[in-house]
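Dear colleague,

Please find the structure below, handed over for your records. My notes on what was found in it follow directly after.

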Amino acid sequence: MTANLDLTGVTRRYADRAVVDGVTLSLKPGEITALLGGSGAGKSTLLRLIAGLEPVDAGTIQLGNHTLSEPGRTLAPEKRRIGLIFQDFALFPHLTAARNVGFGLKHLPRDIAAQRIQHWIGMLGLSDRAEAYPHELSGGEQQRVAIARALAPEPDAILMDEPFSGLDPALSGSVREAALSAVRAANIPALMVTHDPAEALENADSIAILSHGRLLQCGAADDVYRRPSSLAAARALGSVNVLSGTAVPAEWRTLHGPEIGVRPEGVLLDAQAPVRVRVTSRRLTGPLVRLALEGPGFTLQSLVSHEAAPRTGTETGVRLDPALTFTFASE
Amino acid sequence: MELKASAFSAPAFRQIPVLLAGLVIALPVVIVLVSGLADGSGAAWTHIRETLLLRYLIGTLCVLVITAGLALLMGVPTAWLVTMFRFPGRGLFEWLLVLPLAAPGYVLAYAWADLAGVAGPLQAALRDATGWSARDYWFPDISSLPGLAFVLACTLYPYVYLTARAAFISQSVCTMEAARSLGASASRTFWSVALPAARPAIAAGLALVLMEAAADYGAAEFLGVPTLTFGIVRAWKSFGEPAAAARLAFVLLALILTFVIVERQARGRAGTQQSSTRWRQIPRVDLGRTAGMGATALCTTLFTLAFVLPVGRLVWRSLEAGGQGTRVWDALANSVMLAGAGAAFAFILALIIALSIRAKGPLATFARIAASSGYAIPGAVLALGALAAISVLPVTLSGSIGLVALAWVYAVRFTAAGTEPMAAALARAPKSIGHAAQSLGASPFRRTFAVDLPVAMSGAAAAALVLFVEALKELPATLMLRPFNWDTLAVRAYAYASDERLAAAALPALMITMAGLLPVILLSWQISRARPGGPA
């Protein structure tokens with residue numbers, strides 16, 4: 001079964017404070033949606049609501065046309081067929097890797113379950129570690145066992161709570177690759193909670209931004225990055241220069257509008273441009289150089305290639321890349 | 001990198017205290033083992049071996065098996081209930097269920113024998129309610145092997161309850177949630193995830209139950225159940241052959257060791273370390289009306305059987321007698337003096353060992369192992385060791401020598417219980433404070449006195465209290481080594497109960513229980529505060 005996982009007006013209150021507030025979200029099969037937000041934004045609570053670990057106070061959660069949660073009625077987590085992957089993997093310490101993977105296959109005949117275990121263990125490259133106990137596995141191996149365990153029962157949807165944050169950064173790239181391709185291949189709705197915009201942009205098909213329990217924006221990763229619906233949504237995915245009122249140079253006011261947000265990589269150095277600035281600082285950030293620019297009544301951050309970066313004190317012109325420049329109606 | 005302090009900065013003389021502490025503790029154990037092996041083959045031993053040994057062995061095994069089973073049934077489900085669910089009285093039961101630990105087995109045996117006897121209130125109430133006469137019905141006999149196991153389980157199950165509860169609390173909530181998301185029902189989650197993960201902790205609690213049950217003398221003797229410990233005291237008392245008693249002790253020690261090894265083997269390779277590092281307050285599930293009442297009823301029943309009924313009976317009996325026919329004040333004074341001396345001795349040894357743990361030398365390890373084996377060995381056996389040690393010295397067991405020997409036995413038996421709170425206090429302090437002291441120019445000597453000692457002392461009050469009360473409750477060794485006509489509360493309760501004067505035994509028994517409540521309440525206060533992952 002491949003069906004949409006639909007959240008409609010989902011709300012959860014703790015002592016009158018809404019931690020998740022009217023979230024409406026539709027997750028499509030075969031698509032990974034990143035749920036992005038800072039700490040306390042309600043990401044984990046939303047995940048627990050979908051998993052059935054907590055009841056909703058308002059709204060509904062549906063899988064296809066099957067209602068999982070509504071106020072006063074919560075289908076037990078074990079009856080939902082929704083896989084969960086935890087930040088700390090939560091492997092059963094007393095079971096081998098293979099038996100961890102087989103935990104959710106108790107309803108199957110023994111030989112079929114064994115085949116299924118083999119399949120998933122092999123798929124995540126764990127064949128030679130099948131009989132090891134969790135404490136004998138490396139972090140990356142534990143993560144892959146957790147993913148195989150969640151996918152083996154062929155769930156109707158999968159939820160991942162910061163699945164890669166517990167891993168060594170050097171390792172997480174390859175593990176992520178293996179893990180997410182397995183999740184995509186399962187062709188079910190997948191939700192990945194993360195606080196890291198880079199991880200969300202790089203790995204997810206769509207991004208949902210949560211702030212103080214509310215959904216700020218949801219859409220394809222590219223759209224959300226280039227066309228944020230609000231300044232807060234724009235900031236959730238990376239830094240933004242904001243110019244408003246008299247600080248906006250006249251040329252840009254006619255070109256872009258009275259309130260401007262622009263990503264640092266959208267601030268382009270152009271010696272011919274009419275808006276003039278001076279470079280006040282120049283810092284390496286790794287792949288790019290971050291410049292602080294000072295113009296008449298405004299300052300800007302710009303990210304440029306090493307080759308294009310002028311020295312501190314240089315005077316130059318700037319223009320804005322329209323694709324990375326946003327205007328907001330009222331903020 | 002950690003500097004090996006013992007390698008160069010600790011001269012040999014600094015190791016002398018811990019070596020002495022280890023020797024003082026190990027001596028009686030070694031003496032018993034050697035004398036049991038070497039010269040235990042007298043006429044009494046032949047008699048015991050041919051007529052009694054099998055009975056003792058089977059008796060002990062049966063008592064241990066039934067006690068263990070009952071303690072598991074009492075301790076594990078209640079621990080699970082109070083940890084994972086909400087039901088009326090949950091917060092109260094969480095610590096009430098620890099209280100039965102306060103009353104020693106023999107006190108509970110006296111109270112239950114009085115309660116459940118033909119003339120006792122339970123049977124009287126049954127007769128009143130039904131109009132039957134005493135011959136018309138069957139009533140469980142507390143003076144039997146199952147009766148002994150029941151009484152011991154009632155006072156010892158809190159060890160299982162405490163360790164199981166700690167394990168359930170500290171295990172990752174995520175693991176249980178993962179199980180449920182994989183389709184496991186709440187009961188399968190318990191049986192196949194929570195319980196296996198808690199198994200080592202439960203086994204540790206059960207090991208304490210088995211050690212204490214094997215060490216019990218007072219309850220077994222009073223209820224007339226032949227066990228090895230009972231046999232050891234009897235061999236010494238009736239046959240006057242310490243060596244034969246030592247042989248029996250040898251069998252008992254072998255039995256205890258077997259339990260430990262079997263458990264280690266059964267655990268195998270499976271991990272128990274929680275891979276989860278993220279903690280969250282356990283979201284307790286509301287049990288609802290019917291199941292909630294069931295949980296409340298279960299906890300109430302257990303607490304009533306193990307504490308309210310027997311202790312209530314002692315209170316009733318003491319009030320009824322109004323102090324008539326009971327001499328307790330001299331015994332109380334003796335108890336306080338002796339337990340104080342024993343606790344002080346044990347405290348010093350425990351402090352030396354706790355301070356040496358940091359140094360990690362072989363001597364420190366030796367002293368620690370000696371202390372924990374001392375804890376596992378019944379008081380009756382240690383008393384034999386002390387007697388054997390005295391027999392080679394140019395003194396006789398009379399008057400104050402007996403008291404010194406008793407303080408020694410208490411120290412051997414209970415030092416481990418005192419080491420623990422102080423070692424825990426030291427462990428809580430960051431390792432780096434020692435290095436900080438060194439980097440500030442403190443000598444190892446000054447470091448010990450100016451840094452480690454004050455830190456360890458923060459656990460000292462708890463340690464001293466535990467040691468004092470344990471010594472106060474001790475019966476078999478006290479019985480064997482005390483000077484003639486010099487009674488403690490425990491001995492006085494025992495003597496009255498043996499004379500079938502239960503009313504007179506009630507007051508001293510009650511006093512011991514009240515003293516026992518102090519460290520138990522301290523303990524339950526501590527566990528109700530400490531929780532990894534709780535709000536810091």
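How many residues lie between E16(A) and E17(A) in their hairpin, and which residue in the turn has a positive phi? There are 2 residues between these strands, and Gly297(A) in the turn has a positive phi of about 85°.

Before the details, two remarks on provenance are in order. This is a predicted model, in which local features need pLDDT of at least 70 and side-chain atom pairs count only at pLDDT 80 or more, whereas totals for chains, interfaces and linings use all residues. Residues are numbered from 1 along each chain as its sequence is written, while chains are lettered from A and ligands numbered from 1 in the order in which they are written.

Chain A overall

Chain A contains 9 helices and 19 strands; helices here are DSSP runs of H or I with at least four residues, strands are runs of E with at least two, and both are numbered from the N terminus. Its C-alpha atoms fill a box of roughly 75 × 45 × 30 Å along the principal axes. Of the 331 residues in chain A, 45% are buried (20 or more other C-beta atoms within 10 Å of the residue's own; exposed means 12 or fewer, partly exposed is in between, and C-beta atoms are placed from the backbone). Among contacts in chain A with a separation of 6 or more, 66% join residues 24 or more positions apart, a contact being two C-beta atoms, placed from the backbone, within 7 Å.

Hairpins of chain A

Strand E16 (residues 289-295) of chain A pairs with strand E17 (residues 298-304) of chain A in the antiparallel sense, over 7 bridges; pairing requires that DSSP finds at least two bridges between the strands. Within this pair, Arg290(A) has Leu303(A) of E17(A) as its bridge partner.

Strand E4 (residues 58-63) of chain A is antiparallel to strand E5 (residues 66-70) of chain A, with 3 bridges, and Gln62(A) stands opposite Thr67(A). Their hairpin has 2 residues between the strands, and Gly64(A) in the turn shows a positive phi of about 60°.

E5(A) is also joined by 2 bridges to the antiparallel strand E6 (residues 73-74) of chain A, where Arg73(A) is the bridge partner of Glu70(A). In this hairpin, again with 2 residues between the strands, Gly72(A) takes a positive phi near 85°.

A residue of chain B

Ala43(B) belongs to helix H3 (residues 43-84) of chain B. Ala43(B) is exposed because 10 other C-beta atoms lie within 10 Å. Ala43(B) and Glu241(B) are 198 residues apart in sequence, yet their C-alpha atoms are 9.1 Å apart in space.
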